[in-house]
Amino acid sequence: MKRFFQSLQARYMAIILVALFLFQAAYLLVAMLAMGLQEDILGEQKQNQNETDPKQIEEKWHADAKALENSSSESISSLFAEWKKTYPDASMFWVDEMGNLMEQLDVKGNLPAQWTPAYTAKFIKERYGGDPFTVISFIGGDEKNGFIVLEIPRNLFLPPMVKVAEKYGIFLGAGLLLIITLFIIVSFLFFRGIRKRLLHLQEAMERRDMDSLPIGIDVQKNDEIGQLEKTFNEMVEELKESKQREQEEEQLRRELIANLSHDLRTPLTKINAQTYSIAKEDLSPEGKQAVKALETSIVNIDRLIENLMSYTLLMASKHKQELIELDAVRFVRENMASWYPVFEKEGFEVNIELEPFEKKWQADPMWLGRIFDNILQNVLRHAKDGLFLEVATESTEVCDVIVFTDYGNGLKNSSNEKGAGIGLSIVDMMVKGMKLEWDIESGDSGTVIKIIRKH
């Protein structure tokens, strides 16, 4: 239950309930205010309810008209004045027995000076049941003495609350409009606060620390968004713990590889020395072939250990790099001069077509040499079926390219020697580390590897 009252749903329901309460309170408040302002009117009506009863007014008017002993101007004016005190909004006039309009008081509109029977009948027809409320009485109760007319606006007979509503309805409407406006403003602020907190959470998800992990967020409220923020913080902590474990495992793996590589070199050196000693003995052809195969295996193992060490150092960003300006074509030519006897011994046809580049390359000689060595070692392992190697250069307005082409079975097909994966992984990291690019296309008809430097 406590969690529900802390939720956003409970808060918005509270806003709606308060708004409904204010609507009812506004009606009551405005009505009470209006009733207070009309207290004098209601007091008078309580004292004399007959004054607002049309039937009682009609009977009293007839009685007062009948009570007139004569139709003199003084008596008529006195009667009009007396009724005017009770009904300030009333209008009255007198027509004598000859049809002459003798006297009028607060009459709205123009009355004819001479009243004919036809006009009198028309007047009575128009006023019957209409507004204003009209009463016609003969003076002294005799039609020979003329008649007097009383006209009162029918709104005088409306209930008190209707009068109040008509007079003070604008205040009630303004109060309701104010409450609606306040409700809209509060709802807007409520949802704006939710949106602001969600955007803040989104920004927190996009921020990263030194380890490229999200940064935690302060939990200020215990509602649904607060629970989401809390869950996000828990996720961040789990990621940090996972990252820390991963770093510890990576460090342990690197140390293991470094130690293992170092430990393997000692027995490998001894094996190499013993192989050299055996090779000097007088051996049979089969023995010499076995020694040669053993020497080749020792070289391959040494190369794999070197690649493993380099890969570990590159992953740890501890492989030293010194970029200098160098003539890439000349560097390739010198590198191929050391490799040419190896390929010639294996029976490869080697084609070298090198054209000078206009601009020098920014590269590390050690890294670039390692890239070429790994590519050429890969050719030796996987392209012995084709026995062809071409090293060429290409230049465009966009880039300079060094191209290695062989006619082997491709990298996807099996070969007698393994280990190309880590060698090409080292090529990839070193190429990108020197801000160069490379591309490899391999199929059943051969492999093409390009080292690219964009201008």
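Okay, let's start with helix α5 and a quick length check. It has 14 residues, and at 1.5 Å a residue they should span 20 Å; the end C-alpha atoms sit 21 Å apart, so the two agree. Bear in mind that this is a predicted model.

Now, which residues of α5 are buried? That would be S75, I76, L79, F80, W83 and K84. And what covers them? The cover includes helix α4 along with strands β1, β2 and β4.

Those strands bring us to the sheet. We've got an open sheet of 4 strands, in the order β2-β1-β4-β3, and the pairing is antiparallel. Out at the edges you find β2, residues 101–105, and β3, residues 133–138, each of them pairing on one side only. On average, neighbouring strands here are turned by 15° against each other, ignoring direction.

Let me zoom in on one of those pairings. β3 and β4, the latter being residues 147–152, run antiparallel and are joined by 6 bridges. If you want a spot to look at on screen, find I136: opposite it, in β4, stands V149.

Okay, helices on the sheet. α4, residues 54–67, packs on it and touches β1 (91–95), β3 and β4. The direction of α4 makes about 25° with that of β3. Then there's our opening helix again: α5, residues 73–86, also packs on the sheet, and its contacts there are β1, β2 and β4. Against β1, the direction of α5 comes out at about 165°.

So that's the picture I wanted to show: the sheet, with α4 and α5 packed on it. Thanks, everyone.

Methods: Residues numbered from 1 in each chain as written. Predicted model: local features only at pLDDT ≥ 70, side-chain atom pairs only at ≥ 80, totals over all residues. Heavy atoms only, no water. Pairing = 2+ DSSP bridges. Helix = DSSP H or I, 4+ residues; strand = E, 2+ residues; numbered from the N terminus. Axes fitted to C-alpha atoms, helices over the stretch in contact; angles between N-to-C directions. Contact = heavy atoms within 4.5 Å. Expected span 1.5 Å × (residues − 1). Buried < 20%, exposed > 50% of the residue type's maximum accessible area, 1.4 Å probe, protein only.
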